[in-house]
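Subject: Model for you to look at

Hi,

Here is the structure I promised. Please open it, then read my notes below.

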Amino acid sequence: MENVIFKHENGIAEITINRPKSLNALNTQTLKELGQVINEISERKDIYTVIITGAGEKSFVAGADITEMKDKTAIEGREMAKLAQKVFSNIENMPQIVIAAVNGYALGGGCELSMACDIRLASTKAKFGQPEVGLGIIPGFAGTQRLPRLVGKGRAKELIFTTDMIDANEAYRIGLVNKIYEPNELIDKAKEMANKIMSKGTYAVSLAKSSINNGLNMDTESAYAFEADLFGLCFSTEDQTEGMSAFVGKRKASFKGC
Ligand code: CAA
């Protein structure tokens, strides 16, 4: 692959968007490569968590590639949005837990990519924003949908309408990021969190993700019923037997992820 680096070790996949000369801007090729890697990881049983970050020290992803976008027709613009929306939905709904390690600019499509991840960890250098209306377009990689769901409608509108860029502290304050670390600690801290998640019943973790994501798109009663079904399903797993036996036996559980 040209623009995406994928490696994995001990159950953790690391995906790096690698176009540092363009601050890791997402062109069609990069979106396709990212989609390919996500599909491959989704099928793998030996990967439980995924960390997505950007190459270099300056940027996570500085948005969709404006150079590529500028001459698009309406139909091509819609196709690009649909491609990115599909890739980002696949990230949001993959069975693994996905952590965005936001190491710098997360603008436009970059902020939207981070929001498709389950958890956002930011370096003190991270900057978030949705600059699209300043380019005469709107956020098109699901930013108008995920941002209000994360930070509320009022704050999302302010960020999108003003294009104000916010730093990691402000992003933390409004609930856009989960934690902030020094740049040199960021990836290690992301791995630490990944390892903590993997020490739990990973099948249950995946079902909890599904319950949260799917439940938020349902009416409340249906969401409760869906949660109850998944809760019941847990009782067919070895991890449930092990987890509860370990508690009762006052020992540490040893989960198998099944
Ligand atoms: N697309 C294409 N190239 C980009 C880019 C982008 N989104 N962001 C940065 N670059 C390129 C620059 O053109 C520059 O290339 P050259 O060296 O060839 O000139 C290189 O990356 C370095 O950038 P700067 O010189 O501009 O670096 P800076 O430190 O002065 O500024 C920045 C950094 C504030 C992030 C600035 O680059 C910037 O504003 N970038 C654009 C951010 C943006 O508007 N993103 C939203 C895109 S639209 C979108 O994402 C739509 C959607 O919903 C998906």
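A word on exposure first: buried means under 20% relative accessible area, exposed means over 50%, and partly exposed lies in between (1.4 Å probe, protein chains only). This is a predicted model, in which local features need pLDDT of at least 70 and side-chain atom pairs count only at pLDDT 80 or more, while totals for chains, interfaces and linings use all residues. Residues are numbered from 1 along each chain as its sequence is written, and side-chain values use heavy atoms, with hydrogens and water left out.

Salt bridges

The whole structure has 12 salt bridges (a side-chain nitrogen of Lys or Arg within 4 Å of a carboxyl oxygen of Asp or Glu). Glu40 pairs with Arg44 at 3.7 Å, N to O. Glu40 is partly exposed, at 38% relative accessible area. Arg44 is partly exposed too, at 23%. Glu40, Arg44 and Asp46 form a salt-bridge network.

Arg146 and Glu92 also pair, at 3.0 Å, N to O. That bridge joins distant parts of the chain: Arg146 sits in helix α5 (residues 143-151) and Glu92 in helix α3 (residues 74-93), 54 residues apart. Helices are DSSP runs of H or I, at least four residues, numbered from the N terminus. Arg146 counts as buried, at 9% relative accessibility. Glu92 is partly exposed, at 23%.

Nonpolar cores

A nonpolar core here is a set of buried Ala, Val, Leu, Ile, Met, Phe, Trp, Tyr and Cys residues joined through side-chain atoms within 4.5 Å. The largest has 46 residues; Leu34, Phe88, Ile91, Phe128 and Leu176 touch the most other members. Another core lies apart from it, with 14 residues, among them Ala101, Ala190, Met193 and Met198.

Helix α10

Helix α10 covers residues 220-234. Its 15 residues should span 21 Å at 1.5 Å a residue, and the end C-alpha atoms are 21 Å apart, which agrees. The expected span is 1.5 Å times one less than the number of residues. Ala223, Leu230 and Cys234 are buried in α10. Down the axis, the buried residues fall within an arc of 55 degrees, so they line one face. The arc is taken from the directions from helix axis to C-beta atoms. These buried residues pack against α9 (202-215) and α11 (238-248), with contact meaning heavy atoms within 4.5 Å. The face turned away from the buried side carries exposed Glu221, Tyr224 and Asp229.

Best wishes

Methods: Helix = DSSP H or I, 4+ residues; strand = E, 2+ residues; numbered from the N terminus.
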